[in-house]
Amino acid sequence: ECLGREPGARSPGQRPAPAAWTPREATAPAATWQERARAFLDGAIETLWTPSGKSMREWLRKKKGLHAATIRKTGLGLNPADKCEPRASWGLEPALREDGTERFQWLPAGLVIPNMLGDSVHRLRVRRTEPGDGARYVVLSGSSPAPMTMHVDRAATIIVESELDALLLSQEAGDLVGVVALGSAQAKPDTATHEALKAAELVLVSLDSDCAGAKAAWAFWPSTYDGKVKRWPVVKGKDPSEARANGL
């Protein structure tokens, strides 16, 4: 239940005040990583627009509401099969698994979602085609933690979780609002995004309509950005893409 659970007996004494939140600067990946990420992404983009990418393109159009022009402009791609590459080829330090074997840069099969700054790739997230019992989304090692942002110079900015939802909102209402995609309800803005939100006149918090999204909407955002925050829950679904599929 979103309303929580029975709190039980309260421990005696005054509770310590939570530490004040301070945004962190999201540094760009190293040049080697960006070069390798660009090459991988270019291949994924090319694959998406081949006959083998037709089903993914149809899914993006029908389920996520994205136009072909949006898919091309934002650089979505398709990695057809799991791959593992040496971490050094991505400019990453060596790393070992718990059993002592070498870790690799894992490139899962699925939809490749880039976060770009200009022409440079700063993050690659993959929505896995067949996650099984594993995570549906995987962020490639070495990626920047900065959220995806679009048009955050607008007077109003809307906060969502999924990059695909952000792309849909930007496509449909980018002339009205800026968009920030956090990746999860618990994620926080980096320094640059924080400054943009402080300058905005209105911040619409539209995290997924579930317990995690509701908790984040009612706690962190109003306390950080004061009266400019308005909770803007999704209707007809848990997120914008689902709402659109349901006829909104």
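Over which residues does pLDDT stay under 50, and how many contacts beyond four places in sequence does the model have for them?

**View 1. Confidence along the chain and the stretch at residues 1-7.** This is a predicted model, with a mean pLDDT of 90 for the protein chain and with 91% of its residues reaching 70 or more. The stretch where pLDDT stays under 50 covers residues 1-7, and for these residues the model has three contacts beyond four places in sequence. Where pLDDT is low, the predicted coordinates should not be read in detail.

**View 2. The open, antiparallel sheet E1-E4-E5-E6.** Four strands make up this sheet, in the order E1-E4-E5-E6, and their pairing is antiparallel. Strand E1 (77-79) and strand E6 (137-139) are the edge strands, each of which pairs on one side only. From one strand to the next, the twist averages 30°. Three bridges connect E1 with E4 in the antiparallel sense, and within this part of the sheet Asn 79 is found opposite Gly 110 of E4. Helix H1 packs on the sheet, where it touches E1, E4 and strand E5 (120-128), and the direction of H1 makes about 50° with that of E5.

**View 3. The open, mixed sheet E7-E9-E8-E10-E11.** Five strands form this sheet in the order E7-E9-E8-E10-E11, with mixed pairing. Strand E7 (148-150) and strand E11 (229-231) stand at the edges with a single partner strand each, and therefore one side of each is left without a neighbour in the sheet. Direction ignored, neighbouring strands of this sheet are turned by 20° against each other on average.

**View 4. The parallel pair E8 and E10, with helix H4 across the sheet strands.** Strand E8 (residues 156-160) and strand E10 (residues 202-205) run parallel and are joined by four bridges; in this pair, Ile 158 has Leu 204 of E10 as its bridge partner. Helix H4 (residues 163-173) lies across E7, E8 and strand E9 (178-181), and the helix runs at about 5° to E7.

View 5. Two or more lining residues come from each of helix H1 (31-48), helix H3 (68-74), strand E4 (110-117), E7, H4 and helix H5 (191-199). Among the elements, E4 gives the most to the lining of the largest pocket, with five residues. By residue class, the lining of the largest pocket divides into 14 nonpolar, 14 polar and five charged residues.

How values were computed:
Residues are numbered from 1 along each chain as its sequence is written. This is a predicted model: local features need pLDDT of at least 70, side-chain atom pairs count only at pLDDT 80 or more; totals for chains, interfaces and linings use all residues. Side-chain values use heavy atoms; hydrogens and water are left out. pLDDT is the predictor's confidence in each residue, from 0 to 100. Contact means heavy atoms within 4.5 Å. Two strands pair if DSSP finds at least two bridges between them. Axes are lines fitted to C-alpha atoms, for helices over the stretch in contact, and angles run from 0 to 180 degrees between N-to-C directions. Ala, Val, Leu, Ile, Met, Phe, Trp, Tyr, Cys and Pro count as nonpolar, Asp, Glu, Lys and Arg as charged, and the others, Gly among them, as polar.
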